[in-house]
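Hi there,

Here is the structure I promised to pass on to you. Have a look at it first, and then read on for what I found in it.

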Amino acid sequence: MEEVSGANTWREELASLVEDTGIIYTGETIGVSSSLPPFYAAKSTVAPAVMAAGVESDHERQPPESLKEQVTEFLKSWGEMLLELGRGCKDILQQTVVTEDSFIVQKLGGPVAKASGRLRFLNEFLPEDRDPVHAWPVIFFVFILALSALNLNGGHDGSVPPVKKVQFHPPSARRIQLPDGRHMSYRDIGVAADKARFSLIAPHSFLSSRLAGIPGVKTSLLEEFGVRLVTYDLPGYGESDPHPSRNLNSSAFDMLHLADAVGVNDKFWVLGYSSGSMHAWAALRYIPHKIAGAAMVAPIINPYEPSLTKEEMRSIWGEWLPKRKLMYYLARRLPKLLSIFYRRSFLSGKHGRIDKCMSLSLGRKDEILTEGTTFEDFWHRDVEESIRQGNTKPFIEESILQVSNWGFSLADLQVQRKCYKSGIFPWLKSLYSQAECELVGFLEPIHIWQV
């Protein structure tokens, strides 16, 4: 083992660890020499100038952004941030709330699945290439947006006349008591019972009352022809008591009890206008022995009548306004939603425009007629009487009756020849004699005016 001649200094130890670079450290202080080689001196003086010129040329080629561009970029950035935030919230909801083990899914999963099952038929109205999960939220959002726009624009139209408020009047109708204990209000105009040549009973239409009578026909005209006109309020309308479970059969017998109570001993005529003709049809079906004839003005039929052909249904539905179609659809599928529409329209405490209550577009002559104050006052008074009780139930019942099964078809009222051939003995008798036949249906006259 050789002896170490002496301890190496730290500089020598450091030099032994790195590769020899050829630079010898002399121990002088490290500094920057004031005299540089020509190359480095030129480089140091030219570089700043070139950099400055490059910056200036860049500024010349790219003008500063305007305020509009800055705002646009700012909004784009915010939009991207909000989009990412929405995606993050969606992921959180899917991972925590919408799982099968979450409290919300366990409590609301069953009712939501049941409701979606009932509304699944609405998917038939969507295009085949549209996913209902994505399509219906968009449709709902657009519907809410359009409804908001209509509400905002409705208050700024200066051409619309001021809206009149609904007035309430003290009770003034005569009433009878029906066999089931209910009271029915009625109105009797024209000649007296003992002088009447013709007795007419007229059920009113949807948004109407006993005060409607025959619009445009004066009492003096009825007296001239010896006509006695009896009008009444349907159950729940005007001053008539509501019926707990009314249908067209009960409506026909209400008419029969009214005729007996007011002294109509002979047969009487029924007059049906618009939706009131539904109750006139019922009278022809259920109490034909008391009906002398029928007069129908613009009568309705069940738009879902099974015996209608596709062409007939297309012609019927094609003439109606979209609002009327929607009301019929809701009455058949979702009748509970009708209460919302009724509360926002004729039960809102304000009178609406008459053309908004029609199922068809008004012609020019009709518009001229409705512009007068005489008709407007008559219309408002009739509506005020019909909504006296302020309840949506009778109106919903009336709408449901129009689109539900009437219990009979209009074809049953047509006069037909019916022969009895059932059984062996009638068949043997028919071989030697003429079969026994009789006329069935409503045998009295029916006059229809379709306007």
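A cut-off to begin with: a residue is called buried here if its relative accessible area is under 20%. Please also keep in mind that this is a predicted model.

By that cut-off, 27% of the 451 residues of the chain count as buried. The chain has 15 helices and nine strands. Its accessible surface comes to about 31600 Å², and 60% of that belongs to carbon and sulfur atoms. Among contacts between residues at least 6 apart in sequence, 74% join residues at least 24 apart.

**The sheet**

Seven strands form an open sheet with mixed pairing, in the order β1-β2-β4-β3-β5-β6-β9. At its edges stand β1 (174–177) and β9 (446–449), each with a single partner strand, so one side of each has no neighbour in the sheet. On average, neighbouring strands are turned by 25° against each other, direction ignored.

At the β1 end, four bridges join β1 to β2 in an antiparallel pair. Arg174 has Tyr186 in β2 as its bridge partner. Five residues lie between the two strands of this hairpin, and Gly181 takes a positive phi there, near 100°.

Further along, β5 (residues 268–273) and β6 (residues 291–297) run parallel and are joined by six bridges. Phe268 stands opposite Ile291 in β6.

**Helices on the sheet**

Two helices that pack on this sheet are worth a look. Helix α7 touches β1, β2 (183–190), β3 (198–203), β4 (227–232) and β5, and its direction makes about 140° with that of β3. Helix α8 (residues 277–286) touches β3, β5, β6 and β9, with its direction at about 155° to that of β6.

**A closer look at α7**

Helix α7 covers residues 248–261, which makes 14 residues. From its first C-alpha to its last it reaches 20 Å, close to the 20 Å expected at 1.5 Å a residue. Asn247 caps its N-terminal end, with a side-chain oxygen 3.1 Å from the backbone nitrogen of Asn249. After the helix comes Gly263, whose phi is positive, near 90°.

Which residues of α7 are buried? They are Leu248, Ser250, Ser251, Ala252, Asp254, Met255, Leu256, Leu258 and Ala259. When you view them, recall that an α-helix has 3.6 residues a turn, so residues three or four places apart point the same way. Leu248, Ser251, Met255 and Leu258 are among the buried ones.

Best wishes, and enjoy the structure!

Technical notes
Residues numbered from 1 in each chain as written. Predicted model: local features only at pLDDT ≥ 70, side-chain atom pairs only at ≥ 80, totals over all residues. Heavy atoms only, no water. Expected span 1.5 Å × (residues − 1). Buried < 20%, exposed > 50% of the residue type's maximum accessible area, 1.4 Å probe, protein only. Polar contact = N/O pair within 3.5 Å; in protein donor to acceptor, adjacent residues only side chain to side chain. Pairing = 2+ DSSP bridges. Axes fitted to C-alpha atoms, helices over the stretch in contact; angles between N-to-C directions. Contact = heavy atoms within 4.5 Å. Areas by Shrake-Rupley, 256 points an atom, 1.4 Å probe, with all protein chains shown as cover.
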